[in-house]
Amino acid sequence: MPTAVENSYAFAKLDELEPAPRIAPGATDDGKQRFEVRRHLDITAFGVQAFSAPSGVDVINEHDETLLGEAGQEELYIVMSGAATFEIDGETVETVAGSLVHVQPTAKRKATATEDGTMILVVGGTPGKAYEPGPEEMAEAFAAYNAGDYEEALAKQLIVVEKQPDNPVAHFNVGCFAARAGDADKAIEHLQRSVEINDRIKELIATDEDLDSIREDQRFVELAK
């Protein structure tokens, strides 16, 4: 294992970390990889992970850091190797190894690798708010989902909502995993709870294909209105 822990520090090399699972069932492997730096080094004060991709692939997918009407993390992108073209709110920024790109939460951004072996380290935190690591079961739930084991994903995500009972996204994910696992009753129950906490979760409910199996259920029709 590439990490050495000696009391007050931990050491690792990015190019020796094991990639995290990221390919969902039926998805195409485009060569992109994700590395859970924060979890690997047991960092709790801020979020940090890394992505690598071959030339022509989005090493950072298009997104912003707003969810359900709230601004989230500002992010610092550090190009560790290779080169990438960033598109940020319609502007283009060409970067090479050693480049730093700081992006505010509301800005739409993506980065496309322009050289093979491009790796970008991402550090994030929400202004004015202490960082709160997600429960370990959250990562385990998504790893099971990516492996197509929806019942295990559901079991792990149910532990997450026990730890975060007022997190609407946690309940929404239970709904998705339960729908995939064929448990319509549990899916509806947790989707209803997610809507009660934040009505804007309906924006996710409207488009997420994980919920396709229950869209004809009258209970779903009512809560999605």
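Two strands count as paired here if DSSP finds at least two bridges between them. With that in hand, hello everyone, and let me start with a pair that qualifies. Strand S3 and strand S4, the latter covering residues 47-53, are joined by three bridges and run antiparallel. To put residues on that, Gln-33 has Ser-52 of S4 as its bridge partner. Before going further, please keep in mind that this is a predicted model.

So where does that pair sit? S3 and S4 belong to an open sheet of five strands, ordered S3-S4-S13-S8-S11, with antiparallel pairing. Its edge strands are S3, at 33-35, and S11, at 100-103, and each of them pairs on one side only. If you like angles, neighbouring strands in this sheet are turned by 20° against each other on average, ignoring direction.

Now to the other sheet I'd like to show. Four strands make up this open one, in the order S5-S12-S9-S10, and the pairing is again antiparallel. Here the edges are S5, residues 58-63, and S10, each pairing on one side only. S5 pairs with S12, residues 109-113, over three antiparallel bridges. Within S12, Arg-109 stands opposite His-63.

Asp-42 has a phi near 60°, which is positive although the residue is not glycine. You'll find Asp-42 in the loop between helix H1, at 37-41, and S4. Is Asp-42 buried or exposed? Its relative accessible area is 64%, and the cut-off for exposed is over 50%, so Asp-42 is exposed.

The second one is Asp-89, with a positive phi near 50°, again in a residue other than glycine. Asp-89 lies in the loop from S9, residues 83-88, to S10, residues 91-96. With 53% relative accessibility, Asp-89 counts as exposed too.

The buried residues of H5 are Ala-187, Ile-188, His-190, Leu-191, Ser-194 and Val-195. As a reminder, an α-helix has 3.6 residues a turn, so residues three or four places apart point the same way. What covers the buried residues of H5? The cover includes H3, H4, H6 (202-205) and H7.

Finally, zoom in on Leu-191, one of the buried residues of H5. Setting aside neighbours within four places in sequence, Leu-191 is in contact with His-171, Phe-172, Gly-175, Ile-205, Leu-211, Ile-214, Phe-220 and Leu-223.

Conventions
Residues are numbered from 1 along each chain as its sequence is written. This is a predicted model: local features need pLDDT of at least 70, side-chain atom pairs count only at pLDDT 80 or more; totals for chains, interfaces and linings use all residues. Side-chain values use heavy atoms; hydrogens and water are left out. Contact means heavy atoms within 4.5 Å. Helices (H or I, at least four residues) and strands (E, at least two) are DSSP runs, numbered from the N terminus. Axes are lines fitted to C-alpha atoms, for helices over the stretch in contact, and angles run from 0 to 180 degrees between N-to-C directions. Buried means under 20% relative accessible area, exposed over 50%, partly exposed in between (1.4 Å probe, protein chains only).
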